[in-house]
Amino acid sequence: MMGGLDRNTNTRSRDYLEGMLSDYVGGKSKGKPQKSTSARLVTALTCLQFAFAVYATFLLYYMSPSIDLRTKPDFTWATKIAQQWKQYIIPPHIIGHYQDSASLVRLAEIQPITPSEVCEHEKIDFEQKKSSDAQMIKLKTELYHEVLDFQSQNIGTETLAQLMAMKSKWDLKGPNRPKVTVILNHFKRKTLCAQLDTLLQQTLPFHHVWVLSFGSPNELSLKRIVDSYNDSRISFISSNYDFKYYGRFQMALQTEADLVYIVDDDMIPGKKMLQILSHVAGTEKYKNSNLGSIGRILPFRQKDFTFPSYRKFRSKEAGLYLPDPAYDITLDKIVQVDFLSSSWFLSAELIKTLFIETPFTFSTGEDLHLSYQLQKYRNAGSFVLPVDPKDKETWGDSEHRLAYVSETTVIFKDIVQVRDDQWWKALSTGYITQWAAMHPQKIDALFYAHSVDEVKALAPLLAKFRSTVGKKAYIAVSGGNFCPCEDAATALRWPKLVCNERRFKIFDLAVGALSDISNSEVVVLQGVYASMKGLIKIHNPSVVIAVADIDPNVKKTLKMATETNGNGTTLVLLPRSSVSKVLWMADLRTTALPNWNRMRISVNIITQNRVHSLTRLLKSLNDAYYLGDEVPISFNMDSKVDEATIRLVSSFEWPHGPKTLKRRIIQGGLIRAVSESWYPSSDDDFGLLLEDDIEVSPYYYLWIKYALLAYHYDPQVSLPELSSISLYTPRIVEVVKERPKWNPTVFFKNIHPNTPYFHQLPCSWGAVFFPKQWREFYVYMNMRFTEDAKKNPVQIPKSRTNGWQASWKKFLIDMMYLRGYVSLYPNFPNQASFSTNHMEPGAHISAKDNVVNHDKSDFEVPLLKEDFRNFLPGGKLPPASRLPSLNLFNMPVSLKGLKAAGAKLGQDVIGCNNATEIVMVDHQTGLPARCARF
């Protein structure tokens, strides 16, 4: 009976279903044969399958990738249709009969799900980790206060209340409310519900929340959680591929929001965080910033000049983790850190910066790479916000214990090594860490080489700097295919290990690695500029040194990097052939080096009709070393200049600077030809005066430059008495009637046989004159010039210069004697000099009115043909205070004694106290201004 009853019931059900379907989809079937029971069942199931196929089509369409992630589709209309069809097509008892069939209807998916049904939560059944190491607590606390004190004094730090009182561009309660996209990245942790709950309760509502699941084994459960909230602002984005740490930042590039808040799965922000972060991000001070709740300050340098691992145990120099509950370090003021961890709040525009350079590794370190790139390319800092300790809703990490639930990247030895390598790479390519900001360095030279050949060319000078006591010099190389660090180390004869040491010596900028993937030089130049700018700011080199023939674009980049910092660093570009000739550069004071390019030395030739002499002079000038400097040359010709001379000077090519030709209309004579051959255009304009019977040494320019940097451009040297630098060493005492022979090498043997010296006698056979004293000389000669020497009011006792006529040098001697000026002279074996006088017939030599017989051997000296540095005391110019000084008659007299002699003579253009005062002038005009004590 039961079986029959069952069959009868089924038969009635089938009949009922067939009849309903006939009426609903096929109409009445009168006049047609009645279908079999099985055929009617198949028809019903076919119609049911068609209905759900339509439903599935709509569902797939709205879940396709073309749909905007920022909106969540509403499927309720399709659900209602399906439910109505179910009601009319299948009675409840039919559904009950076929509910075990998977091919029928998955009603569970149609039923709404609530968060309470699907949410899971992390189990936290332990206390926050606390350190009991008193020494470590002391060290960490000390370092934190050092950092905070430094930042308070230099950039200013604010409490949370002060931050919220600052004016912000975002009106959190008005029309100018910021749009914030929150990105949550999840893998295994059970914190999604806790994060969504607190985000939904924020005092500043979010614009969108994107929940990311990349390669997560919990993808289905994460999706069910997102669906359960049924909020169109919350979207779920997944992929079978694990994009790891950078994927969330890649997704952030797609947002249309004003601000992005990227949050790790172990962070449960307080309910006021979006409001606080947005307000601070809208302030003028922090608008270009990366804001967060947890950060790290990277290691400080140790006493052995190396940097420890950031995980070194019991080390103050290992840096800080902020805030650090383990050491009771909480933040009551905003703190700038080297990188943020676990959460990042910044403008959507700044996110792009993360991808300017290829990361050191994709396996970890996106947090450091972001802060590094932001500072390097956007000058944007990373800051950890303070909290209100009494209000957890202001905390960005309201449950810090979550960070200790599972193993994280920082505790595995191999990952620690990778991260150590990463932060060291950042620091050595220009990342200004808190240590670098707090401890600005000062080095003498930073070399840059774009190729291994350039490393080899610069090697001698780098070695000299590094071997000189008290000097510091490092080298930066382009890296990659251009100049691998290991190859550079080999060229410098350094062990390759220097490329991996955490010690400043060689910096691999790795910009050459970009050459394989780009045909544009822009990425390389951008990398060189950004890295060198940072390195210059960290190390404050007096000079950046590179070869003169470096790639022109790289040259411009280096120039920009040195000029941008504004710290006085000078770019020095040396011809490769000159590098070994300027090893004395390492002996200059750090304060003098930045003035390397400041001086402008011009060559001024006085010529008329000695074309063979002029040809010899020009050849010697062309053979000299000029260090890549611009050196203008001028030819000053009197009216009686001959044709051969004019042709020679007109055709002469001068590769070191502009050439100027000047010719007088009326014959002026030697006194005018010389004195009017040059006039300074600035206080850095120096004039070398050469008559055409002079010949110079290849090293003459190096001597001038070295002496100017050591004695004139060193701020630590005060030598106002120095008015010129001689190239020539005299062999006789010129101003004494008998003109006795004189040998400075013998004279100064008790000091040093080759010491340079100061002499009150100016040199007319090759000398560089200083601009201030030359202006002064112009005014003086104008006030004292007479054609008759006997009418000159200045008569220096026992000096044969009193009778000189038509001599510009006589007036310069008078002025120098009266005011205590001196010239610097070289002193080398056999009076070898940087210039020599060939004593050829001219205005004075062999002149009809010249009764003095000139022995050529008394004037013609050998030219230096080798590096003069080897002859100097200790291989370098002595300090100015140790240089001996001579009066006009080659007698030792102190600089003060020279002034006393001039004052005693009392024959200057204005009267002063003959015992204690000399004339002082306005050095801009050369006019006498007042008397001053000496």
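Predicted model: local features only at pLDDT ≥ 70, side-chain atom pairs only at ≥ 80, totals over all residues.
A disulfide is a covalent bond between the sulfur atoms of two cysteines. In this model the count comes to three disulfides, and with bonded cysteines counted along the chain they follow the pattern 1-2, 3-4, 5-6.

One of these disulfides joins Cys119 and Cys193, whose sulfur atoms are 1.9 Å apart. The torsion about its S-S bond is about -90°, and the disulfide is therefore left-handed. Cys119 is located in the loop between α6 (115–118) and α7 (134–154), while Cys193 belongs to helix α9 (residues 192–200), so the bond ties together parts that are 74 residues apart in sequence. Cys193 has a relative accessible area of 1% and is therefore buried, since the cut-off for that class is under 20%.

A further disulfide is formed by Cys485 and Cys499, with their sulfur atoms 2.1 Å apart. Here the torsion about the S-S bond is about -100°, so this disulfide is left-handed. Cys485 lies in helix α18 (residues 485–491) and Cys499 in the loop between α18 and β14 (506–508); the pair therefore ties together parts that are 14 residues apart in sequence. Both partners can be assigned from their accessibility. Cys485 is buried, because its relative accessible area is 2%, and Cys499, with a relative accessible area of 18%, is buried.

The disulfide between Cys912 and Cys931 has its sulfur atoms 1.8 Å apart. Its S-S torsion is about -80°, so the disulfide is left-handed. This pair links distant parts of the chain, with Cys912 in the loop between α28 (895–905) and β28 (917–921) and Cys931 in strand β29 (residues 928–933), 19 residues apart. Cys912, at 18% relative accessibility, counts as buried, whereas Cys931, at 25%, counts as partly exposed.

Cys483 is in no disulfide; the nearest cysteine sulfur, that of Cys485, is 8.2 Å away. Cys483 counts as buried, because its relative accessibility is 0%. Cys763 is also buried, with a relative accessible area of 4%.

The aromatic residues come next. A pair of aromatic rings is described by the distance of the centres and the angle of the planes. The structure holds 52 aromatic pairs. Among them is the pair of Tyr757 and Tyr825, which is stacked, at 5.6 Å centre to centre and 10° between the planes. This pair links distant parts of the chain: Tyr757 is in strand β23 (residues 757–759) and Tyr825 in strand β25 (residues 822–825), 68 residues apart. Tyr757 and Tyr825 are both buried.

Phe769 and Trp774 form an aromatic pair with another geometry: the pair is tilted, with 5.0 Å centre to centre and 45° between the planes. Phe769 is buried, because its relative accessible area is 4%, and Trp774 counts as buried because its relative accessibility is 2%.

Trp584, Trp596, Trp703, Tyr706, Phe828, Phe834, Phe868 and Phe871 form one aromatic cluster. Charged side chains are placed over ring faces as well. Lys169 lies over the face of Trp170, at 4.6 Å from the ring centre, and Arg233 lies over the face of Phe206, at 4.2 Å from the ring centre.

The last element of this account is a sheet. Strands of a sheet pair through backbone hydrogen bonds, either parallel or antiparallel. In the sheet considered here, three strands form an open arrangement in the order β7-β6-β9, and the pairing is antiparallel. The edge strands, β7 (320–322) and β9 (339–341), each pair on one side only. Neighbouring strands of this sheet are turned by 25° against each other on average, direction ignored. Strand β6 (residues 294–297) is joined to β9 by three bridges, and these two strands run antiparallel. Within this pairing, Arg296 has Phe339 as its bridge partner in β9.

Key: Residues numbered from 1 in each chain as written. Heavy atoms only, no water. Phe/Tyr/Trp six-rings, centres within 6.5 Å; stacked < 30°, edge-to-face > 60°. Helix = DSSP H or I, 4+ residues; strand = E, 2+ residues; numbered from the N terminus. Buried < 20%, exposed > 50% of the residue type's maximum accessible area, 1.4 Å probe, protein only. Lys NZ or Arg CZ within 6 Å of the ring centre and 35° of its normal. Pairing = 2+ DSSP bridges. Axes fitted to C-alpha atoms, helices over the stretch in contact; angles between N-to-C directions. Disulfide = S-S within 2.5 Å.
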